[in-house]
Amino acid sequence: SNPKKRFGTISGVFIPNVLTIFGVILFYREGWVVGSGGLLGAIVIILIANAITLFTTLSMSAIATNIKVRGGGAYYLVSRSLGPEMGGSIGIALFFAQAFSIAFYIIGFTMAIQTFLPTVPVWLLNTITLSVLTLLSIFSAEIAIKSQYVIFGLVMIALISFFTGNLNFDVQPVVFGPFKEMNFWKVFAIFFPAVTGIFAGLSLSGDLKDPHKNIPRGTIAAIAFTLVFYILVAVWFAFNFAP
């Protein structure tokens with residue numbers, strides 16, 4: 001009966017989470033993680049990072065399935081379970097985290113675009129990208145949700161082209177280590193932001209058809225889906241590039 005409740009598990013939670021998780025770290029830093037920690041070291045880092053995200057998701061799902069979920073995302077869940085004071089303090093931190101993550105993704109995007117437009121200043125590319133995203137989010141969430149299918153398709157095409165670009169598998173992979181530039185936990189800290197996009201779907205809690213089901217199912221499915229690809233990319237790097 002409420003026209004605003006228009007997004008389901010796939011469109012409202014799964015795809016936004018996947019697109020947020022698949023970001024700059026996957027395309028720019030996972031190869032460095034494999035080169036630093038070897039195949040086993042990279043997989044251990046990926047599994048620990050995803051385990052932390054999964055435990056957070058299970059806690060979030062436990063709250064979402066036991067209260068009436070309205071708009072407000074993580075702030076709403078925390079404020080209704082721990083009180084408005086705690087919800088407000090965490091909400092402010094999440095606000096700044098989202099703001100910094102937007103800048104993080106825009107910079108990574110323009111780094112890739114500048115490869116094809118080397119004469120265009122970086123600040124101009126950043127400004128244009130931010131302006132387009134701002135206008136898109138202001139005028140229509142519906143358009144933003146529909147455009148994510150196109151973006152999801154482009155990301156999957158990029159991953160397919162990545163995997164099919166070199167299928168020699170003629171390199172003897174380093175199993176673990178040597179962590180020459182940074183130790184294990186510093187490499188882990190650089191990689192960890194790659195798995196922290198689980199709040200993208202939760203942020204649409206007010207627009208979900210059935211938040212009690214959409215949030216747990218969509219978020220856990222996104223974690224499992226991206227985990228498979230992170231491990232496959234690590235294996236591909238280990239067997240195709242010498243450290």
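Biologist: Is Val 44 buried, exposed or partly exposed?

Modeller: The relative accessible area of Val 44 is 28%. Buried means under 20% relative accessible area and exposed over 50%, with partly exposed in between (1.4 Å probe, protein chains only). Val 44 is therefore partly exposed.

Biologist: What kind of model is this, and how are residues numbered?

Modeller: Residues are numbered from 1 along each chain as its sequence is written, and side-chain values use heavy atoms, with hydrogens and water left out. Local features need pLDDT of at least 70 and side-chain atom pairs count only at pLDDT 80 or more, while totals for chains, interfaces and linings use all residues, for this is a predicted model.

Biologist: How far apart are the C-alpha atoms of Val 44 and Ile 231?

Modeller: Val 44 has its place in helix H3 (residues 30-64); helices are DSSP runs (H or I, at least four residues), numbered from the N terminus. Val 44 and Ile 231 are 187 residues apart along the chain, and their C-alpha atoms are separated by 9.8 Å.

Biologist: Which residues does Thr 53 touch, not counting residues up to four places away in sequence?

Modeller: Thr 53 is also found in helix H3. With a relative accessible area of 5%, Thr 53 is buried. Contact means heavy atoms within 4.5 Å, and on that basis Thr 53 touches Val 195, Ile 198 and Ile 223.

Biologist: Why is H5 called oblique to H6?

Modeller: Helix H5 (residues 84-113) and helix H6 (residues 122-139) pack with their axes 9 Å apart, at an angle of about 125 degrees. Axes are lines fitted to C-alpha atoms, for helices over the stretch in contact, and angles run from 0 to 180 degrees between N-to-C directions. Angles under 35 degrees count as roughly parallel, over 145 as roughly antiparallel, 65 to 115 as roughly perpendicular and the rest as oblique. The angle of about 125 degrees therefore makes H5 oblique to H6.

Technical notes:
Helices (H or I, at least four residues) and strands (E, at least two) are DSSP runs, numbered from the N terminus.
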